[in-house]
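Me: I am new to reading protein structures. Could you take me through this one in short steps?

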Amino acid sequence: MPARASDRPNLVLYRNRGDGTFADVTATAGLGRLSGYAQAVAVGDYDNDGDPDLFVAGYDGSHLFRNRGTQAGRNAGFEDVTRTAGVAANDGGPRWASGAAWSEYDRDGDLDLYVAYYARWTRRSHRECPRPDGSPGYCVPTVYPGDSGRLYRNEGGGRFRDVTRAARLDVVRGRTLAVAWLDYNEDGRDDLYLANDLDPNQLLRNNGDGTFTDVAPAAGVAFGNDGLVASGMGIALGDIDHSGRESLLVTNLHGEGFSLFQPIGGGQYVYASERTGLLLPTFPRSGWGAAFLDFDRDGWLDLVTANGSVHPIVAQDIPGAAYEEPKGVFRNLGNGRFADVTADSGALARPRPARGLAVGDYDNDGRLDLLCVNRNMRADLFRNISPDRGHWISLHLVGTRSNRDGIGARVRLLAGGVVQTAVCRRSSSYASSSDPRLFFGLRNATRIDRIEIRWPSGVEDRLPPLAADRVYRVTEGKPDAVVAISAGR
C-alpha cells in the first residue's frame, strides 16, 4: 500500500562547510515537506542569476525551486515557483515523473527543461501481483503502459511554455527511468536520450526547427544485448577512447548486461559491451546510477555504477542474485577495454541497494568523490583516497551569451601530447545531478598546452596555456581572463 503522507521523507539539503563536514540547512532553505513522492533532482540556473535552482521530479507533484541567493548578507533559501513558472503539469490527474534534465536545446541563452515520466499508474489502477507463495510481489513493468515526457521552453522572466506537442514529443512514449541531453551527431544542437524500462530506448534528434524525431533504431542505440529490449535504468556519457566523441552506456537489470554504445561517426553507434570487457562482469548486476569519470587521474575515463536488485527477496527467485550489491568499478585500460577492479575499490565494494549516483570533488582535493542514494537506507558519501600521483585540472564554466551554467559547452584539451574531450552537463546517471565542473586527469603533465571551448551560443574560445592542479573559472568570450579559484592539496 502507498505510504501515508506523514511517512513521506523530507527533501534534505546539506551545506558543505568546507572542512569535510556538512550541515543540514533544509529548514532555513525553505525545502521542507513536499506534496507527492520525490524521485529525482535536476540542478540548473534557469534564470541566469548565478545561483543554482532545483527541479524535483516525483509522483503526484513535481516542484521547481528558485534559489533566491544572498539577501542582506544571508542566504535567502528557495521558493517554490512551480505554478507561476508554468511547469506544474498533471494533465488532470496524478502522474509519475521519474527524471529531468536541463539543456539549452534552442540555443537562445537560457536553460530549458525536459521532464521524463515512467508509467500511467494511479492508486485506482493499481494491480496486485503476488508471488507464487502468495506474498506481496512486484508487477513486471509491462503491466502498466508507458507515458510521454514534457518539454518546457524557457521564455525568460521566470516563465516556461509547454512545447511538448509542438516538438512532436507527445507521441513519444515509454517507461522512462533516465534522461540525458547530448549532441550525438555533432551539429551543435542538443539531442535527447531516454533509457526505458522494457521499452526500446529512444534517441530524439533535435531537428533545429523546434521538433524532434526518434532515430534510436537507425543509430543503433535502441536495444541491448542480442538486439533485445532491456530494462534501461541509468545513463553515462563520456569520451572513453580519446576519439573526440562520447560513448553512451545504459545500465540494465540482472541477466541483461549493461549496454555500451560506441560512436563510429555519422551519428551511428555500435554495441560494444562485449568487446570492451563490460558485458560479462555486468551480467549478474542490476545497475541504476552510472558515470564515466577519471578516478585515478591517468587521462582515461573509468566507469562506476550503482547497483542493487529491485526486490529484497530476489535471491529466492534467482539463484546467485542479491538485493544488496557492490558498486561496479571498471578501470579504463587505455586499449579499448575495461577491467573490473571492484574488489580493490575499498568501501565501494560494500554491498548496498544503491540507486542514485552523483560525482563531484566535494573537498576540492583534485580527486573525484561519489555520493550514492540507497533504497530504504541512508545515503553513502565516498571520499576518493586513490594513491595515484597524477595531475589534473578542473574547469568551472560561466556562460554569458550562453546559459550561465555553460551546459552544452564542448571542451577540447591538449596536455602531455594527449587530446581529451568533455561536454558540460549536470543531469544523467539515474535521478541525479553532479558537480558541473569539468574534470580532466593529466597523468604526468604539469601544464595544459591548449584548451578550446565551443559554447552553445556558437562562440569559440581558445585559452592560453595553464598550470595543472587548479580549478579555473572560465567565462565565455573572455579567454584571457581565466581565474584560478582553488588549488588541490
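Me: Where is the place of Arg-437?

Reply: This is a predicted model, where local features need pLDDT of at least 70, side-chain atom pairs count only at pLDDT 80 or more, and totals for chains, interfaces and linings use all residues. Residues are numbered from 1 along each chain as its sequence is written, and side-chain values use heavy atoms, with hydrogens and water left out. Helices (H or I, at least four residues) and strands (E, at least two) are DSSP runs, numbered from the N terminus. Arg-437 has its place in the loop between strand E34 (432–433) and E35.

Me: What does Arg-437 touch, not counting residues up to four places away in sequence?

Reply: A contact means heavy atoms within 4.5 Å. Leu-397 is 40 residues from Arg-437 along the chain, and their C-alpha atoms are separated by 7.1 Å. With residues up to four places away set aside, Arg-437 touches Asp-361, Asn-364, Ser-394, Leu-395, His-396 and Val-471.

Me: How many cavities of 30 Å³ or more does the structure hold?

Reply: Rolling a probe the size of a water molecule over the atoms shows where empty space is left. On a 1 Å grid over the protein atoms alone, a cavity is a set of points where a 1.4 Å probe fits but cannot get out; a pocket is an open set with protein on both sides within 12 Å along at least five of seven lines; lining residues have an atom within 4 Å of a point. Grid points are joined across faces, edges and corners, and a volume is the space filled by probe spheres set on the points. At 30 Å³ or more, the count of cavities is three.

Me: Which residues lie nearest the centre of the largest cavity?

Reply: The largest cavity holds about 620 Å³ of space. Its lining has 39 residues. Strands that give two or more residues to this lining include E19 (234–238), E23 (287–293) and E35 (438–443). Nearest the centre lie Leu-237, Phe-292, Val-423, Arg-437 and Leu-438.

Me: How many residues of each class does the lining of the largest cavity have?

Reply: Ala, Val, Leu, Ile, Met, Phe, Trp, Tyr, Cys and Pro count as nonpolar, Asp, Glu, Lys and Arg as charged, and the others, Gly among them, as polar. Sorted this way, the lining of the largest cavity has eight charged, 11 polar and 20 nonpolar residues.

Me: Which elements give two or more residues to the lining of the second largest cavity?

Reply: About 70 Å³ of space lies in the second largest cavity. By class, seven of its lining residues are nonpolar, two polar and three charged. Among them are Trp-102, Trp-181, Asp-190 and Val-423. The elements giving two or more residues to this lining are strand E9 (97–103) and strand E15 (176–182).

Me: Which residues lie nearest the centre of the second largest pocket?

Reply: About 440 Å³ of space lies in this second largest pocket. The lining divides into three charged, four polar and 12 nonpolar residues. Nearest its centre lie Ser-345, Leu-348, Asn-384, Ile-385 and Ser-386.

Me: Is Val-329 buried or exposed?

Reply: Val-329 has its place in strand E25 (residues 328–332). The residues it touches include Phe-295, Ser-345 and Leu-348. Buried means under 20% relative accessible area, exposed over 50%, partly exposed in between (1.4 Å probe, protein chains only). The relative accessible area of Val-329 is 4%, so Val-329 is buried.

Me: What is the relative accessible area of Arg-297?

Reply: Arg-297 lies in the loop between E23 and strand E24 (302–307). Its phi is near 60°, a positive value in a residue other than glycine. Arg-297 is buried, with a relative accessible area of 5%.

Me: Where does Asp-469 lie?

Reply: Asp-469 is a residue other than glycine with a positive phi, near 65°. Asp-469 lies in the loop between strand E39 (466–467) and strand E40 (470–475).

Me: What radius of gyration does the protein have?

Reply: The radius of gyration is taken over C-alpha atoms, and the globule rule is 2.2 Å times the number of residues to the power 0.38. The C-alpha trace spans about 65 × 50 × 45 Å along its principal axes. With 489 residues, a compact globule would have a radius near 23 Å, which agrees with the protein's 21 Å.

Me: How many helices and strands does the protein have?

Reply: Of the 489 residues, 54% count as buried. For secondary structure, the protein has four helices and 41 strands.
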